Amino acid sequence: NFKIKTTSGKGKDWPLSYEDLESYYDEIEQFIGVSGPTPYPWGPSRNSGYPLPPLPINAAAQIMQKGCEKIGIKTAAGPNAIISQDYDQEQNGTRKACTNRGFCQAGCSVGAKGSTDVTYLPLAIHHGAEIRTESFAVEFTLNENKTIKSVIYFKDGERQEQFCKNVFLCAGAIETPRLLLMNNLSNSSGLVGKNFMAHVSTQLWGEFEELTHPYKGVPATLISEDMNITGTHGFAGGYILQSIGVMPITYVSQLARATGVWGKALKKKIQNYNHVAGINIHGECLPYETNYLELSEEKDELGLPKPRIHFSNGENEKKMIAHGTKVMEQIWDETGAKNTFIVHRNAHIIGTCGMGTNAKNGVVNSDGQSFDVPNLYISDNSIFPGSLSANPALTIMALSLRIADQFLNNRSN
């Protein structure tokens, strides 16, 4: 995935390799506590296995597993940043194991999910970091040499200024380019806001005779990467297959938007919620010039221009969607699914301040450092030159640790 241009002729190669990040992947998985199968059946052999055994697969995963077996697709328990056993967390005591209540997207009541509040923040505070909540950065002031002098932000309605030697901007693939565009900063390449990407993430839902209790268990507990090999199915990049469990309100919204059913008909339809299961694909989206973020004329509550997004799937993504939909329909046909429907969607916001090898083809270098502003570093999903096919969180964290190491090494030299 990191060399998709080399292997397929499409997209963009990353200016660093998988091997540059592998040790950081290992470190993060140990730190936050990832549960998953060891060895993992696909991809390069990792230096270490997952620190915890996989979470139990729920009903949706069991149905997907049966369907995949019948058509020869290999599956495995899905790795999750959710602890399957009690886990000692540095500076935060022992985190309790997952209770499999399935409301992960709404937050975890026991702290089993590896979110920032139970992993990185306690460690940062222990080592002296100050967390300023409810703060919103709006402006940079510059020194005479065009480096950043301070950050202007609003807190509790008041304008504040923080002087700084270096800035690490980690606001994500919408707010990071928005802030840079508002300040006309780090954009000599003209690439700030460009190459907006979002993973292909088409879903297939169905109803089954057996009870599925979709709210039980972690949402994605089964995975297959048999289709995650670039160029083998008529399109660049690949995709992952995953099972889906779902909270009631999420399922209702998906059902209504996908089928147009509403009112009494929708109320009747959702009576079958406890017999519902889903499956989805999660695939690479290529960068396109026609997909980008710009500043809108419309203002937010602070009087700042809102971001406007231009995005649509390209021909490569449409081929991937068609292929993935056919595979998912085959799997669900083998399991006796009834009343199926497709939800066409994209997931995760990626790109808009991509890494490059020079100031003409990137906003930052492979160390996250701005080509234009030497004391500005970007460390989030905006700097991905390609979307990859996996969820971006682990790679965001791995890049962040590598950028921090490179910064410290260069400063000490």
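What does His-348 count as, and at what relative accessibility?

Modeller: His-348 counts as partly exposed, because its relative accessibility is 33%. The cut-offs are under 20% relative accessible area for buried, over 50% for exposed, and in between for partly exposed, with a 1.4 Å probe and protein chains only. Some ground rules come next. This is a predicted model, numbered from 1 along each chain as its sequence is written; local features need pLDDT of at least 70, side-chain atom pairs need pLDDT 80 or more, and totals for chains, interfaces and linings use all residues. Side-chain values use heavy atoms, with hydrogens and water left out.

His-348 lies in strand β16, residues 346-350. Strands (E, at least two residues) and helices (H or I, at least four) are DSSP runs, numbered from the N terminus. The backbone of His-348 is worth a look. Its phi is positive, about 70 degrees, although His-348 is not a glycine. Most residues other than glycine have a negative phi, and most peptide bonds are trans.

Thr-352 is another case. Its phi is also positive, at about 90 degrees, and Thr-352 is not a glycine. Thr-352 sits in the loop between β16 and β17. At 1% relative accessibility, Thr-352 counts as buried.

Rings of Phe, Tyr and Trp (its six-membered ring) pair if their centres lie within 6.5 Å; planes under 30 degrees apart are stacked, over 60 edge-to-face, the rest tilted. The count by this rule is 17 aromatic pairs. One of them joins Tyr-18 and Tyr-25: the centres are 5.9 Å apart and the planes at 35 degrees, so this pair is tilted. Tyr-18 counts as buried at 17% relative accessibility. Tyr-25 counts as buried at 5%. Phe-168 and Tyr-377 form a stacked pair, with 4.9 Å centre to centre and 15 degrees between the planes. Phe-168 is in β7 (residues 167-169) and Tyr-377 in β17 (residues 376-378), so the pair ties together parts 209 residues apart in sequence. Phe-168 is partly exposed, at 37% relative accessible area. Tyr-377 counts as buried, at 9%. Ring pairs also link Phe-2, Trp-14, Tyr-18, Tyr-25 and Phe-384 into a cluster.

Now the strand β9, residues 203-207. Of its 5 residues, 5 are buried. Both faces are covered: Gln-203, Trp-205 and Glu-207 lie on one side, Leu-204 and Gly-206 on the other. Two strands pair if DSSP finds at least two bridges between them. β9 pairs with β12 in the antiparallel sense over 5 bridges. Trp-205 has Gly-278 of β12 as its bridge partner. β9 also pairs with β15 (residues 338-343), again antiparallel, over 4 bridges. There, Glu-207 stands opposite Lys-338.

Past β12 comes Leu-286, in the loop between β12 (276-283) and β13 (292-299). Leu-286 counts as buried, because its relative accessibility is 3%. Contact means heavy atoms within 4.5 Å. Leaving out residues up to four places away in sequence, Leu-286 touches Ile-4, Lys-10, Gly-11, Met-197, Ala-236, Asn-316 and Glu-317. Ile-309 is 23 residues from Leu-286 along the chain, and their C-alpha atoms are separated by 16 Å.

Another sheet has 3 strands. It is open, antiparallel, and ordered β4-β5-β6. β4 (135-142) and β6 (158-163) are the edges; each has a single partner strand, so one side of each has no neighbour in the sheet. β4 and β5 (residues 148-155) pair over 7 bridges, in the antiparallel sense. Phe-136 stands opposite Phe-154 in β5. The antiparallel pairing of β5 with β6 runs over 6 bridges. Ser-150 faces Phe-163 of β6 as its opposite. β5 and β6 form a hairpin with 2 residues between them, and Asp-156 in the turn has a positive phi of about 55 degrees.

The peptide bond joining Thr-38 and Pro-39 is cis, with omega about 0 degrees. Pro-39 lies in the loop between α2 (18-32) and α3.
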